[in-house]
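Here are my notes on the model, as numbered points. Please read them beside the structure.

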Amino acid sequence: MKKEQKNDCLKVGNGDKNMVFVHYFGGNAESWQWLAEYLKNDFTCYLINLPGFGNTEPLDRISISAFAENLEARIKALKLDTYILCGHSMGAKIVAYAAARSKNPPQHLLLIAPSPPTVEKMPVEEKKRMLKHPDRQEAITTVSNATVAALNDELFQHAVASQLEIDDKTWDWWLETGMNNDVSSHIKKGNTPTTIVCSQDDPVIPMKWIEEEVKPYFNDPKVVVLKKIGHLIPMEAPKELADIIINTCKQVY
């Protein structure tokens, strides 16, 4: 039976600032919904499903540049004169690449627990485990391994189910190719003001990577470091992240 295809973009809020959100590997547009609830009075939030995620059609040829090109086209279709671009983990790598090449770059980049522009060094055994897809038990393990703050049942079940809605080819591409693609030289050409939000307790993207593999490729980025939160910051701490986003944008604009 063919799975029901979801919307490729969800709109939340009617604030005077536009913000486009790109989810993490394992997530989808709805992974931002709890954060968007705290932002909807200040922002118009566009929650994007990347192709192949959330039961959407995958790209014919999958690559970082192809995802970036798709994202650019989606933003153009939304007719946003000004916008802030926010990406989480894999999504952060993609939005940084897109911003660096865009003819209509964002006013600001927000990178949440970003996958490095260089190479994300996942242990071989962990990668082998995650390549068993779709597998609900492995999805449960992946969520448990990635989080520090406890997720309530609704959040936890979403984080598990969203993994099972990802196209097999797209899933394998990120684990076997995408996270190994070094696009740092391209990203370094961009000059969009950037804020990085990370956690010192993130079990997936350690602070050492943020310092050595992320920060050097952006122009004087602001870095906000959280504690007692894992990799799924938008779901583990949506209110705290919303406060950071609102305060950052007030300072910038």
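1. A nonpolar core here is a set of buried Ala, Val, Leu, Ile, Met, Phe, Trp, Tyr and Cys residues joined through side-chain atoms within 4.5 Å. Buried means under 20% relative accessible area, with a 1.4 Å probe and protein chains only. The model is predicted: local features need pLDDT of at least 70, side-chain atom pairs count only at pLDDT 80 or more, and totals for chains, interfaces and linings use all residues. Numbering starts from 1 along each chain as its sequence is written, and side-chain values use heavy atoms, without hydrogens and water.

2. The largest nonpolar core holds 47 residues. Val20 and Leu71 have the most contacts inside it. Elements giving two or more residues include strand E2 (17-22), helix H2 (64-78) and helix H3 (90-101). H3 gives the most, with eight residues. Helices (H or I, at least four residues) and strands (E, at least two) are DSSP runs, numbered from the N terminus.

3. A second, separate core has 28 residues, including Ala29, Cys45, Cys86 and Ala237.

4. How do helix H5 (residues 136-146) and helix H6 (residues 153-164) cross, and at what angle? Their axes, lines fitted to C-alpha atoms over the stretch in contact, come within 9 Å and cross at roughly 125 degrees, on a scale from 0 to 180 degrees between N-to-C directions. The contact involves, among others, Ile140 and Val143 of H5 and Phe156 and Val160 of H6.

Terms used:
Contact means heavy atoms within 4.5 Å. Buried means under 20% relative accessible area, exposed over 50%, partly exposed in between (1.4 Å probe, protein chains only).
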